[in-house]
Amino acid sequence: MSSEEIFEPKIVAFVCNWCTYAGADLTGTSRLKYATNVKIVRFPCTGRIDFLLLLKSFAQGADGIIVSGCHPNDCHYTSGNFHARRRWIAFRSILDMMGVDVRRVQYSWVSAAEGSKWADLVNNTVADIRALGPYTDYQKVADYLEKEVQDGEA
Amino acid sequence: MKIGFYPGCSLTGSSREYNESVVAIAKVLDIELTEINDWNCCGATAAHSMNEELSMSLPARIMAMAEKQGLTEVVVPCAACYNRLKVTQHDLKDETKRKRVSEILQLPYDGSIEIINVLQMLEKYGAENIKAKVTQPFAHKVACYYGCLLVRPHSILQFDRVEDPQSMDELIKVVGGTTIDWAFKTECCGGGFSVSRTDLVAKLSGNILEDAADRGAEALIVACPMCQSNLDMRRGAINKVIERPSDIPVIYITQAIGLALGIDAKELGLKRHFVTVEL
Amino acid sequence: MSKIGVFICHCGENISATVDVERVAREIGGMEGVAHAIDYKYMCSDPGQTFIKEAVKKYDLDGVVVGACSPRMHEPTFRRACAEAGLNPYLCEMANLREHCSWVHEKGEETTEKAIDLVKMLVEKVKKNNPLESIKVPVTKRALVIGGGIAGIQASLDIANTGHKVILIERDPSIGGHMSQLSETFPTLDCSQCILTPRMVEVAQHPNIKLYTYAELESLEGFIGNFTAKIRLKAKSVNYSTCTGCGACIQKCPVKKIPSEFNAGLGTRTAIYVPFPQAVPNKPVIDRVNCNYYKRGACKICEKTCQVGSIEWDKEDEIISEEVGAVVLATGFDVKGTDFFPEYGYGKYKDVLTGLQFERLASASGPTFGEIRRPSDGAIPKKIVFIACAGSRDPAKGIPYCSKICCMYTAKHAMLYQHKVHDGESTVFYMDIRAGGKNYEEFVRRAIEEDTVNYVRGRVARVYEKNGKLIVKGVDTLLGGEQVEIEADMVVLATAGVANCGSEQLAQKLHVSYDPYHFFAEAHPKLKPVETNTAGIFLAGACQAPKDIPETVGMASGAAVKVAALFSNNELVREPIIAVVNRLAPPLYSTCVGCFMCETACPYNAIEHEEIKARDGSLIRTIARVNSGLCQGCGTCVAFCRSKSIDIQGYTNEQVYAEVMSLLND
C-alpha cells in the first residue's frame, strides 16, 4: 500500500436480527449513505454472539468489529442483549490483558427505528479504525500458534 | 474565589455603573476578579453582520489571551459580549475554523475556558453568601427583564428556560424582593437599533416598560448594558409613544444586590442613570 | 462438492443502478461449489421464481442463495419457491444487496465488490446449512385486546363476530377512550357519543367478549398461538356482582373536588365515581388516592349509603392468568398539556385550553352542557384564537412529526364555536392545512367560507394575559410577514398527539419495537402496517401513530382479520430456528458434560435435564435437552456453552464461522 492511498479497513458487524439488522434495513429504505467497509453477519440475538468469533475475525485479518443489538429492555428475547453486554464487559478486560487492541471493537445499540444511527455508527467506526491503521498483531500471534499446533502434530 | 473578568467596551463607557456595581459586590462577596490582559472588543453586532472571520477572531482573541493568562473561568457581565463569546466558542468546535482563527490571531486557542454571565457567577459563588450578607433587604416588587442575548440561542447557550427564564427572579428573591410574572421577559428592546432607528427602539422598549409598569413593578432589573441604555436613556422618546408615561427606573441586577448588601448608592453608580433611582 | 444456485436480482433498477449485477453473477459463478449463477430483473416475480424452481431441478441444487432485498422482506417468498421445487426451504438463504448495499452506497467498484462479498458469504453459509423441518404448534383461539377505546372496541367486536373469544382489558374504569370525550366528529358533525355508546354496550353484552375494566397487563409470555397473559385487576373497592349502579354513593361522597379525567380537568368528580354517565360498565370504583377512608381511615359514607353492601374496603389487586393465541394492541394516544408550552404561559392561563378540553366544553355532556364558556369566569368568549400545530412539526420541541388530526379538529372547533356563538370571532393560526381525506378539504373550506372563520397562515410567538384578555402575538406570513396581535378571550392549542403514558414499558413487556416517540412500530411501513415484529401481536389505532377515527376503525378491523386468519389454523408452523444439544453414539452419547450453564442463560426455561440410562436402569449421565416447544431461538445458550455441545439451527457455529472466514479471506 503506498502512503498516498487511503487505508480501507475490513470491518465485520455482528448484529441481531430484530433491532440492528432491521435498523440497517431502515438505513437502506431511507437511502442514507455510508462506507462500504462494513459487512453484516446476521444473528438471531446479540446473546448468540460467541466472543470467540471476535478473536477468529481478528485472526482472519479483520481491522475492526462492530457488535450491535437492541437497546436495554428492548431485546426481542427479553434478556439476550444483557447477557451480551455482561459478556462484553468481562471479555473486554480479558482481551485488554491479552494485549488485543480493544479500541477495535465497537459495541453499540441500534434499534429498528434508528436508521440514521446505524449510518453514523458505521461511518464513525470506519473513521476510527482508519485512524488506527491496519491490525495485524493478533493475526501474527494466531498464525504463529496455528503453526505451532501443526508442527506439534507433525 | 478567583475568577477571570472580561468587562468589554460598554462597561468602560456608557455602562460604567454596571462595571462599578459588579466590582463592588464582588468585593463584598469575596470574589476576586482578574481582568484579562490587553482585551479587545468582542465585535458586537457590527462584526458578525459584516465578516464571519472577524466576528470569530475578535472573541477568540479575548479567550486566547485569557488562556494564556492561565484563567479557566471568565465572567462576562455584558449580555452581548457573553453571547458573542459563547457563540464563537461553539463555532470554533469546528476544527477547520479553529485552525483558521488561530492562524489569523497568531495565538493558540483551545476553547477550554468556561464563559459565564453575571447571573451564573452569582448563582455559583454567591447565592448562600449573599443571603448571609444581606443588611437591607431589597423589599421591592420588580420586573426581571432578560432580553434576547442572555438566553438565545438556547441550543448554544444552554442557559435557563428560554421562554420564561427564572435565574434573575431567584436572585431577587434571595435579597428579599418580589418579582412579577409578566410576558415581556425575553422580548427585544430594540437592541442595536439604539442609534439608527430610535423610533423602533421607543416602540419596542415602550411595550416592555408599559407591561412592567401596568403590573405594578417598581423597577426593571436587567443584566445587559444595551437593554439598560435603551430602556433608560430613550425614556423621553418611549414616553411619547406609550399610553401611560412611566418613570420607573431600570437598574442592573448587581446594583439591586449591592443595595441589599448595604453598598452605597453612589459606589454602585446609581446616580449615573437618566431616570432617577429612588429605591 | 456442493451444488449451489445463485440468483442475483436487479430489483428493477434498485440494485442494478449501483451494483454491476452481471459481474456479481459472473464472479460468483466461478466460485467453488457454485453450479449455477444468473441475474434477472425481478427475482421475486413469477418468472423469476420459475428460474429458481427450474434451476433447482435441472442442476439438482443442494443450496440456493438469492442476492436481492432484505431477507426480512422476501425470505419466505424464495424459501417457498425452493420448497415447491423439492428443495428443503432452509437450504435457501438471501444476501441483502439492496438495503445493505445498493441503497446505501454510491455506484462504483467498491459497491459491486461489497455485493460480491455479501453473496460469497451466504454461499459459504449455505454450504453448511442442514435441511430442517418446520415445527408445528397448537393455537389457542382466544385473543387479548389491550385498550378499550374505539380501536380496541372495533377489534374486539370484529374478532368476536368471527366466533372467537376475546378478552378486552382497559386501564380506566370504563371503556370508550378518547372518542367518548369528543363532542362532534369531522367531517359530518355527528355526535361522537351517539355513534360510540351503542358499540360500547355491544362489547359489554357480546357473549364472546370478556371485559376487564380497571385492569392492566402485568406480563406476557410465550409466542404466537400460545401466549400466557398475566392481568392485574386493580381493586375497584366495589363488588360488581352485587352493585346495581344506582349511584347513591356518588351523590353522597364528600370528596367532590377531584379534577375529572373525563372532562380533561375542566370539571370535577367524587372519590367514588363513574367516569361519565354513559360509562360501560356503569358501576363506580373508588379512587384510593383521593378517598378520605384510604387517606385518613375515616368516612365510609358510601358504605352507609349502599343498600346492597357492595363496598369492599379490603379488596386487593388481583392477578389473573389467561391463555391467548394473539394480542391486539390498541392503547391509543395522549395529547400534550398546555403546560408543555412556555411561550403560551406554561399552562398558567386558565383560558388557554387544549383541543381535548375544548371538546369537553363543546360537548352536551360536558361541564358547561355544551356552552362555550371560559373556565376562568364562565363568560362566553367573543374572540377566540385556535393555534394549530402546538408542538407538532416542531423539532425544537422534540416533536418533528405531524399529529395529523389537528387541522381537521381545529376547523371543526372553529365551526362549532361559530355555530354556538353567533357574534363570536374566531381566528385559526396554521402552518399548512392538511385536509387529506374524503370530504375533509370541503369541510375546511366550509369553515372558512360559510362560517367565516379567519384563517391566518403563520405561527404564534407568544400568548400572555393582560387586563383579563389573552394577547396573542403572531405573524401573518401571507401578508408580507406582518405582525398580528389579537386580544382574545380564549385560546385553544391543538397540542401534539403523543404516545400514551406507559407505552414504552408496555412495548418492553410485549417485546415489540417502538419508534423514538414511543409509538409502537409496525413490521413494515407499507406492507405490514398492523403487524409488529413479534409474530402474533398486532396493532390498531393511534398507538402506532396519531390517526383519526375512520383510519383507526379501519386499522382495527384489519388487525381483527389478521387475528381471525391466524385462528383459522388448528396448528401453526414455526421456523425451526431453535437450539439443539448434540447426540452421539454410545459410549459418548453427547459432548454435553451437564454443567447446565445453558439453563442459567435461557430466558424461556427451555432447557431440560435428560437422564441417559443403561439398560438396567442405572444412570449413566445427565445432559441438557432443549424443549422445542419453549425454545424461541435466541441462541444465548450457544454462547454460554463451554463444550460447544449446544448449537442453534440456522445459525450454527459452522455456518457463522464459514461466513466470517469467507468475508475475511480474499
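Author: This is a predicted model. We can begin with the domains of chain C, for which the assignment gives domain 1 (4-133), domain 2 (142-234 + 317-332 + 500-571), domain 3 (248-305), domain 4 (334-498) and domain 5 (579-648).

Reader: Which chains share the most contacts?

Author: Chain A and chain B do not touch, and their nearest C-alpha atoms are 16 Å apart. Between chain B and chain C, the contact takes five residues from chain B and six from chain C. In the contact of chain C with chain A, 43 residues of chain C meet 42 residues of chain A. Of the two pairs of chains in contact, the most contacts are shared by chains A and C.

Reader: Which element gives the largest share of the side of chain C that touches chain A?

Author: Helices H4 (98-102), H5 (109-127), H17 (636-640) and H18 of chain C each give two or more residues to this side. Its residues divide into 20 nonpolar, 14 polar and nine charged. The largest share, seven residues, comes from H18(C).

Reader: Is the crossing of H2(A) and H18(C) left-handed or right-handed, and which residues of H18(C) make the contact?

Author: The crossing is right-handed. From H2(A), the contact takes Leu53(A), Lys56(A) and Ser57(A). The residues of this contact divide into five nonpolar, one polar and one charged. On the side of H18(C), the contact is made by Val656(C), Tyr657(C), Val660(C) and Leu664(C).

Reader: How do the residues of the side of chain B that touches chain C divide?

Author: The contact takes five residues from chain B and six residues from chain C. The side of chain B divides into one nonpolar, no polar and four charged.

Reader: Why is chain B as compact as a globular protein of its length?

Author: Chain B has 14 helices and eight strands. For its 279 residues the globule rule gives 19 Å, and chain B is close to that value, so it is as compact as a globular protein of that length, with a radius of gyration of 18 Å.

Reader: Which domains does chain B have, and what distance separates their centres?

Author: The domain assignment of chain B gives domain 1 (2-118) and domain 2 (135-272). Their contact takes 23 residues from domain 1 and 25 residues from domain 2. Taken over C-alpha atoms, the centres of the two domains of chain B are separated by 23 Å.

Reader: Which helix gives the largest share of the side of domain 1 of chain B that touches domain 2 of chain B?

Author: Helices H1 (8-12), H2 (16-28) and H5 (79-91) of chain B each give two or more residues to that side. The residues of this side of domain 1 of chain B divide into eleven nonpolar, eight polar and four charged. The largest share, nine residues, comes from H2(B).

How values were computed: Residues numbered from 1 in each chain as written. Chains lettered and ligands numbered in written order. Predicted model: local features only at pLDDT ≥ 70, side-chain atom pairs only at ≥ 80, totals over all residues. Left-handed = near helix turned anticlockwise from the far one by under 90°. Helix = DSSP H or I, 4+ residues; strand = E, 2+ residues; numbered from the N terminus. Contact = placed C-beta atoms within 7 Å. Nonpolar A, V, L, I, M, F, W, Y, C, P; charged D, E, K, R; others polar. Domains from an automatic or database assignment. Rg over C-alpha atoms; globule rule 2.2 N^0.38 Å.
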